[in-house]
Amino acid sequence: MNVIMILYYLITAFIVGVLAWNFVREKKSANDMLLYLLVILPLVLRLLRVK
C-alpha cells in the first residue's frame, strides 16, 4: 500500500472518530443522532473496504 492510501485511511478514521464522539455527546435530538449515523455509515464501510 502506498503512502497516499495510508493517509486516506487515517483521515477517514479520524473523521469517523470525530463523528462518533459527537454522536455520543448528542443527547437532545434524535434526528441529529440519525444524521450522524447516516454520515458515519459509508465512512466505516470504506474503512472496512466493503463496496
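## Burial and overall form

In this predicted model, 14% of the 51 residues of the chain count as buried. The chain holds two helices and zero strands. Its radius of gyration is 13 Å, well over the 10 Å that the globule rule gives for 51 residues, so the chain is more spread out than a compact globule. Taken along the principal axes, the box filled by the C-alpha atoms of the chain is roughly 40 × 20 × 10 Å.

## Helix α1 and its cover

Helix α1 covers residues 3-25, which makes 23 residues, and the distance from its first C-alpha to its last is 33 Å, close to the 33 Å expected at 1.5 Å a residue.

Four residues of α1, namely Tyr9, Thr12, Val16 and Leu19, are buried, and what covers the buried residues of this helix includes α2, which runs over residues 30-47.

## The surface

The accessible surface of the chain comes to about 4300 Å², and 73% of that area belongs to carbon and sulfur atoms. On this surface there is a nonpolar patch of about 1100 Å², made by Met1, Val3, Met5, Ile6, Leu7, Tyr8, Leu10, Ile11, Phe14, Ile15 and Val18.

One of the residues in that patch is Met5, which is found in helix α1. Met5 counts as partly exposed because its relative accessibility is 32%, a value to be read against the limits of under 20% for buried and over 50% for exposed.

Note on methods. Residues numbered from 1 in each chain as written. Predicted model: local features only at pLDDT ≥ 70, side-chain atom pairs only at ≥ 80, totals over all residues. Heavy atoms only, no water. Expected span 1.5 Å × (residues − 1). Buried < 20%, exposed > 50% of the residue type's maximum accessible area, 1.4 Å probe, protein only. Contact = heavy atoms within 4.5 Å. Rg over C-alpha atoms; globule rule 2.2 N^0.38 Å. Areas by Shrake-Rupley, 256 points an atom, 1.4 Å probe, with all protein chains shown as cover. Patch = residues over 30% accessible without salt bridge, like charges linked within 9 Å, V, L, I, M, F, W, Y side chains within 5 Å. Salt bridge = Lys/Arg side-chain N within 4 Å of Asp/Glu carboxyl O.
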